[in-house]
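Good morning, colleagues. Please take a moment with the sequence and the structure, and then I shall go through the model.

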Amino acid sequence: MTVENTSIGEMLAATVPMVRTLNLEFLEVTPERAVLRLPDQPEYHNHIAGPHAGAMFTLAESASGAIVLAAFGDQLSRAVPLAVRAEIGYKKLAMGPVTATATLGRPIAEVIAELDAGQRPEFPVSIAIQREDEAVTGEMTVVWTLRPNS
């Protein structure tokens, strides 16, 4: 499967079982921004009837993966995108459906230039998790790399 012949949402749902399990919705995916939604599902609630922290982590990490594929999908023949590390902070109580909005932390051309130079570039993706009232309930940063194929 390539980014060219399928949507990024379909690609992630086909290759990442947790995306399907949580019924994540891909609202927008571009190289500049990815917005995913986690519907309100009682089977994924925590002890206070909001979305479980693990579900919100998966939502945010999936948004970061979507933007990485949108930005660097044309590099998949020579490099594999991999998450290196992630940090999340839960800021406010999340209730009901939540969205995650991811933004790339470095210019695409700069990352590709490092890859062209034989390096293994790293770049951050910042994600804001919000309730329907737009209050930010969590913030996450995932550092990704493009590992050159051997």
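Predicted model: local features only at pLDDT ≥ 70, side-chain atom pairs only at ≥ 80, totals over all residues.

**An exposed glutamate and the fold around it**

E43 is exposed, its relative accessible area being 54%. By exposed I mean over 50% relative accessible area, by buried under 20%, and by partly exposed anything in between, with a 1.4 Å probe and protein chains only. E43 sits in the loop between strand 2 and helix 3.

Residues are numbered from 1 along each chain as its sequence is written, and side-chain values use heavy atoms, with hydrogens and water left out.

Let me turn to the chain as a whole. How many helices and strands does the protein chain contain? There are four helices and six strands; helices are DSSP runs of H or I with at least four residues, strands are runs of E with at least two, and both are numbered from the N terminus. Read from the N terminus, the order of elements is α-α-β-β-α-β-β-α-β-β. The radius of gyration is 15 Å, close to the 15 Å from the globule rule for 150 residues, so the chain is as compact as a globular protein of that length. That radius is taken over C-alpha atoms, and the rule is 2.2 Å times the number of residues to the power 0.38. The C-alpha trace spans about 50 × 30 × 25 Å along its principal axes.

Of the 150 residues, 41% count as buried. Among contacts with a separation of 6 or more, 68% are between residues 24 or more positions apart, where contact means heavy atoms within 4.5 Å. The accessible surface comes to about 7500 Å², and carbon and sulfur atoms hold 53% of that area; the areas come from the Shrake-Rupley method with a 1.4 Å probe, and for residues only the protein chains shown count as cover.

Is S64 buried or exposed? S64 is buried, with a relative accessible area of 0%. Apart from neighbours within four places in sequence, S64 is in contact with A102, V125, I127, V142 and W144.

I come now to the charges. The chain carries 11 positive and 18 negative charges, whose mean positions are 5 Å apart. Here Lys and Arg count as positive and Asp and Glu as negative, while His and the chain ends are not counted; the place of a charge is NZ of Lys, CZ of Arg, CG of Asp or CD of Glu.

Side chains of opposite charge can pair when their charged atoms come close. A search of the whole structure finds eight salt bridges, each defined as a side-chain nitrogen of Lys or Arg within 4 Å of a carboxyl oxygen of Asp or Glu. I shall discuss some of them.

E28 and R33 form a salt bridge through their side chains, at 3.1 Å from N to O. E28 is partly exposed at 28% relative accessibility, and R33 is partly exposed at 36%.

R78 pairs with D116, with 2.5 Å between the closest N and O atoms. Which parts of the chain does this pair link? R78 lies in the loop between helix 3 (53-72) and strand 3 (79-90), and D116 in helix 4 (residues 108-116), so that distant parts of the chain, 38 residues apart, are linked. R78 is partly exposed at 31%, whereas D116 is exposed at 53%.

R106 and E114 also meet in a salt bridge, at 2.5 Å from N to O. Salt bridges with shared partners join R106, E110 and E114 into one network. R106 counts as buried at 16% relative accessibility, and E114 as partly exposed at 22%.

Finally, the backbone. Most residues other than glycine have a negative phi. N23, although not a glycine, has a positive phi of about 55°; N23 belongs to the loop between helix 2 (17-21) and strand 1 (25-29) and is partly exposed at 41%. A49, also not a glycine, has a positive phi of about 70°. A49 lies in the loop between strand 2 (34-38) and helix 3, and at 39% relative accessibility A49 is partly exposed.
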